[in-house]
Amino acid sequence: MTPVIQTRKLSKWYGNILGLSEVSLEIGPGITGLLGPNGAGKSTLMKLLTGQLKPSLGRVLLAGEGVWNNPALFRRIGYCPEHDSFYEDTTGRQFLDGLLRLHGFGAAEAARRTESALRLVEIWGDENRLIRGYSRGMRQRLKVAQALAHDPEILILDEPLNGLDPLGKRKIIRLIKELKAGNRTILVSSHVLPEVEALTRDIRLLHQGKIIAAGDIHDIRDLIDAHPHVVALRCDRPRKLAARLMEEPHVLKVHFGPDGLLTLETDNRDLFFGGLPALVVELDLEIEEITSPDDNLQAVFDYLVGK
Amino acid sequence: MSIREKGYHRWDGRLEERRRGWKPIARLGIRLAFKRKHFKFAFSLSFLPAFVFLAGIYLSERLQDFEGIVRKGAMPLRVVPGYFLSYLTADFVLFMTVVLLIFCAAGLVADDLKHNALQLYFARPLAKRDYVLGKAAVVMFFVLLLTLVPGLLLVVFKIVFSGSFGLLRDHPGLPLAIVVYSAAAAVFFASYSLLLSSLSRNRRTASFLIFGIYVFSDMLAEILRGIFRTPYVGLVSVKTNLKLAAAPLFGTKPVLEVPSVYAFVVLAAVVAAGAWVMNRRIRGVTIIK
Amino acid sequence: MRAAWRAAVFFFGLGRRAKRTKVFFALGLVPVLLSLLFRMRHALSIAPRGFSGEFFYSNVILPFYVQFLVLMLALFFGTSVVLEEVEGRTLAYLLTRPLSRPAAVLGKFAASAGHALAVLNIGLFGSFLILKIERAGDPSAWLSVARDSAVLDLSLLCYLSLFTLMGTFVKRAIFFGLLFCFGWENVIAFFPGLTQKLAIAHYVKSLIPQPPGQTFSFLRLMLEPSPPLFAVLILAGLTVVFLAAAGLVFSQKEYVTEN
């Protein structure tokens, strides 16, 4: 099968800052997650894929065609930018209708598509309000709406879940999953692992401008899980908890800190967190705080690149 | 298991009022201005008149060296208070002041409004007064650098070149006049530019307003003078008002037959308008209708 | 061309709703207001000899347009064409539509030109009607104002295209635009012979009748005029060249938004 999105040794420099280095990708229909911490080069890659930036080296092909200065291709591409920027003096309806008219749709067709897209993202009802008065979630959904209103085959969504509350996230995730039908190719970027996990199994991990892993998220998860995770707890009886935890095979070591702080390492985070509530009830502990100092994507990447 | 309620602890310390909250804002504004592309060029260029006037002072003391090239019967250059006033209100100096405002003042409030940064400022122990003072201090710093510093240095150079304190003996109020005019100009330009900067969220629009109103007011005054044939319409012009207000401080004849107090009133009105608009526009919370 | 038209319609609609367009419409009415003031003054007292409505129109209103309003309109609308999209981070919406980059620039230029020309002509014709109402039945007077309007429109388009070009590659286009308008164009006007032909203002001033009096200092025109046809060709040619260059630069340049 011919990949829909294809990059070959794609590199991008901003002056002497490296944005992307020799990225070769082949993405087919379905949802693909592009995962990477902030500054990894996700947005640079997405801008290169949508022809907003010119590659310093290498090639970008979408549906077999070069994308830079190829406007006809944009009938088939929908792009949701990362920035929360709009023509603020317009209403949601005017914004979407105007962009559809730029696609060459007639007035009636543009109006029909506007209504349909706004209904899909659940903004219909607020369509005549100025965008500057929209909530963060509505703005994010409006960005998604403008990306899909012209019914593109390829959707490139740059951090569509950024800054949304859990309910808003759920709505967008459901929407993106619905869009998968119809053999669309959807590339979604995020820096939050569970978000991408909720969307797809097929992911690409980007770190410092390079693709460091590609494939099924469960395999990558296993890779990640092979490394110990650090969890910090603050409770009234840390020694009692530590003694009990050390009986568990997945708890590797514990360390006592000041003011009831207990830091421990586990090689199975899911198992640890799954069993913790029962343990707390059993020992009648008063837990003040649970943090996971390395539970962020940067730490995951540090593990993967062996830092 | 008891679940501890998350909340705030009572703080028993004493909250001391920070009186210099404006200082970091001012420092940052000045630093950022120098980081702007082409600012240093414009800043250096604005000191050109100061060097020309300095050369004038030198020539006034060493006329005998230039007897060969000076036309017979030419009026000798007299360095009196009017000379300093000419520098301070020179068209080029005022023009360059406005150009510098485009760099250092246009975005002072507009950028904060655009990026919703006001709430970040006011989430700190910072009053609106500190914010405005800090922003105004940035403008005042540059205006004073263009007026007060060269003005006083010209006085010093006159004393050095003449080798006597004759200038100060004859005009003891001169340094004070320079200080008062410079301070008034600094306050005026700070209010003028912050007023316009706070009217827009776009730095480009603010730049445009700062420059456009300065030029437009002057043109309008000329046109209105043509229509009404009265010098009072000169009060519409920013430049003329500054010149009119400065004249009595230096004991010189005003550029127009208009009492200088009117110019003071106009300038004060701009300052008051600036304070009023800023008070309305600068808020930690914006309600979007 | 159809893509450019679509962009023009889109941006014309956006511009119509923008606050700045309303501000400029108000500014465009200043000449009308001045004309009204002049008329009122005329009605209330004896006007100075030779200071007729006609005199005021050609000695004050026209130069006000040439030396201020046209420049300001062109500077603001012209630099906005690209910079507004870059600063507002809305460029992505534009660049990911089936619209060639030159068409996008051309379209937004056309929309801006539409607004700027409306501002200019409403004020100009309004002033004309107020100041020359006695000659409203005279076709030659209408012909004369139509010629003035055409000259101002052409000069506006020329400056607008220059500032559009500036906006495509200079971030501080307003600063350089101001330097150009109030520095270069003014300074060069005082140079004799061919030197003053290096300013757009030279060709604009060559096309408007020189004021007979020098009542107002800022209206002084130090001019050794070029032939009218030559001036028109130069202005039109410059407009085309600047626009083509803007389209070219925009189609090749990457606009990196700062994070």
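Q: What percentage of the contacts in chain C with a separation of 6 or more comes from residues 24 or more positions apart?
A: The model is predicted. Contacts here are residue pairs whose C-beta atoms lie within 7 Å. Among those in chain C with a separation of 6 or more, the share from residues 24 or more positions apart is 83%.

Q: What radius of gyration does chain C have, against that of a compact globule?
A: The C-alpha trace of chain C spans about 65 × 40 × 35 Å along its principal axes. A compact globule of 259 residues would have a radius of gyration near 18 Å. The value for chain C agrees with that: 19 Å.

Q: What percentage of the residues of chain C count as buried?
A: A buried residue has 20 or more other C-beta atoms within 10 Å of its own. Chain C has 259 residues, and the buried share is 48%.

Q: Which element gives the most to the side of chain A that touches chain C?
A: In all, 27 residues of chain A are in contact with 24 residues of chain C. On the chain A side, β6 (77–80) and α2 (92–102) are the elements that give two or more residues. The top contributor, with four residues, is α2(A).

Q: How do the residues on the side of chain A that touches chain C divide by type?
A: This side belongs to the contact between 27 residues of chain A and 24 of chain C. The chain A residues divide into 12 nonpolar, 11 polar and four charged.

Note on methods
Residues are numbered from 1 along each chain as its sequence is written. Chains are lettered from A and ligands numbered from 1 in the order in which they are written. This is a predicted model: local features need pLDDT of at least 70, side-chain atom pairs count only at pLDDT 80 or more; totals for chains, interfaces and linings use all residues. The radius of gyration is taken over C-alpha atoms; the globule rule is 2.2 Å times the number of residues to the power 0.38. A residue is buried if 20 or more other C-beta atoms lie within 10 Å of its own, exposed if 12 or fewer, and partly exposed in between; C-beta atoms are placed from the backbone. Two residues are in contact if their C-beta atoms, placed from the backbone, lie within 7 Å. Ala, Val, Leu, Ile, Met, Phe, Trp, Tyr, Cys and Pro count as nonpolar, Asp, Glu, Lys and Arg as charged, and the others, Gly among them, as polar.
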